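Visitor: I am new to this structure and would like a short tour. Could we take it one question at a time?

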Amino acid sequence: MDGKVALIEAGGTKFIVGVGDASRRIDARTRIDTTRPEETIPAAIDWLRQQGSRYSAVGIASFGPLDLDRASPTWGHITRTTKPHWSNADVAGPVGRALGCRVAIDTDVNGAALAEWMWGAGQGTGSTLYLTVGTGVGGGAVVGGRLVHGIGHPEMGHIRMPRHPADLGFAGHCPFHGDCLEGLAAGPSIIARWGASLSDLPADHEGHEIIAWYLAQAVQTFQAILEPARIVLGGGVMATPRLLDRVRRMAVAASAGYFSGDPAAVIVPPALGDDTGLLGALALVEQPTP
Ligand code: ZN
């Protein structure tokens, strides 16, 4: 056993596969297009075998939804997804059998939440919530050193939203709910309304205020439920200049100043940069046992 950990960030368009260790060094990585499970998963396994390591564990941070019930015969499978070919795909099983090691699997956002809590923007706190706002919206939370799960994993992107008065004409972009948080604030909803990404809209475009307002309502909802020490806002949409400051300001207004903590200290950007996916997979392996 040489202490290497196999890492898979299983995304809807690409798999990033890497080899890491407990020191958080990632020695090698590759990218594999997400086509069909019977192609993509064996390609990931082949690459990991070619690296010549014996792995102590494999961490998989995957798109979802996932069956995470250890007692379920379909544990580690993707469940119902709109992505063609991937409904009911077994992700954990073939990887674990091929590499002959323990598998730690969870959603990509749960992996990122755990990594940000262990090593990033939530380090040293007792509670951290991570929300990614990009092609979709997803969130995970660590409370008391553990990721929060119910009978499934959280689906924070699908909370229902109040509507911004200047946005009532837009039906929303979520195929399941229309105007849930993801349907109103993810990248595709921005392009559907205004024909460009938020960062490409003029600085005085109303889209900036509207998207910040939705995210602020979401922040106030998550504060009401958990009041986490940190709310880490990541993802491509959050890279828009000044969006984070708008969200902070509007979240204070949305909650009427009800929650404790300086919004600049509570509502923060990610600290782990571009490797959040693989570090999330590593965090799933390295997480403290309760
Ligand atoms: Zn939805």
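Visitor: Which residues does Ser 62 touch, not counting residues up to four places away in sequence?
Guide: Happy to start there, and please keep in mind that this is a predicted model. Ser 62 belongs to strand β4, which covers residues 55-62. Leaving out residues up to four places away in sequence, Ser 62 touches Ala 10, Ile 78, Asp 106, Thr 107 and Asp 108.

Visitor: Is Ser 62 buried or exposed?
Guide: A residue counts as buried when its relative accessible area is under 20%. For Ser 62 that value is 0%, so Ser 62 is buried.

Visitor: How many residues of domain 2 are in contact with domain 1?
Guide: The area buried between the two domains is about 560 Å², and carbon and sulfur atoms give 64% of it. On the domain 1 side, 8 residues take part, and they are in contact with residues of domain 2 numbering 6.

Visitor: Which elements give two or more residues to the side of domain 1 that touches domain 2?
Guide: Across this interface the rule finds 0 salt bridges, and the count of residue pairs in polar contact is 2. The elements giving two or more residues to the domain 1 side are β5 (102-107) and α9 (276-286).

Definitions and conventions: Residues are numbered from 1 along each chain as its sequence is written. This is a predicted model: local features need pLDDT of at least 70, side-chain atom pairs count only at pLDDT 80 or more; totals for chains, interfaces and linings use all residues. Side-chain values use heavy atoms; hydrogens and water are left out. Contact means heavy atoms within 4.5 Å. Buried area is the accessible area (1.4 Å probe) that two parts lose on being put together, summed over both. A salt bridge is a side-chain nitrogen of Lys or Arg within 4 Å of a carboxyl oxygen of Asp or Glu. A polar contact is a pair of N or O atoms within 3.5 Å; within protein, one must be able to donate a hydrogen and the other to accept it, and residues adjacent in sequence count only if both atoms are side-chain atoms. Helices (H or I, at least four residues) and strands (E, at least two) are DSSP runs, numbered from the N terminus. Buried means under 20% relative accessible area, exposed over 50%, partly exposed in between (1.4 Å probe, protein chains only).
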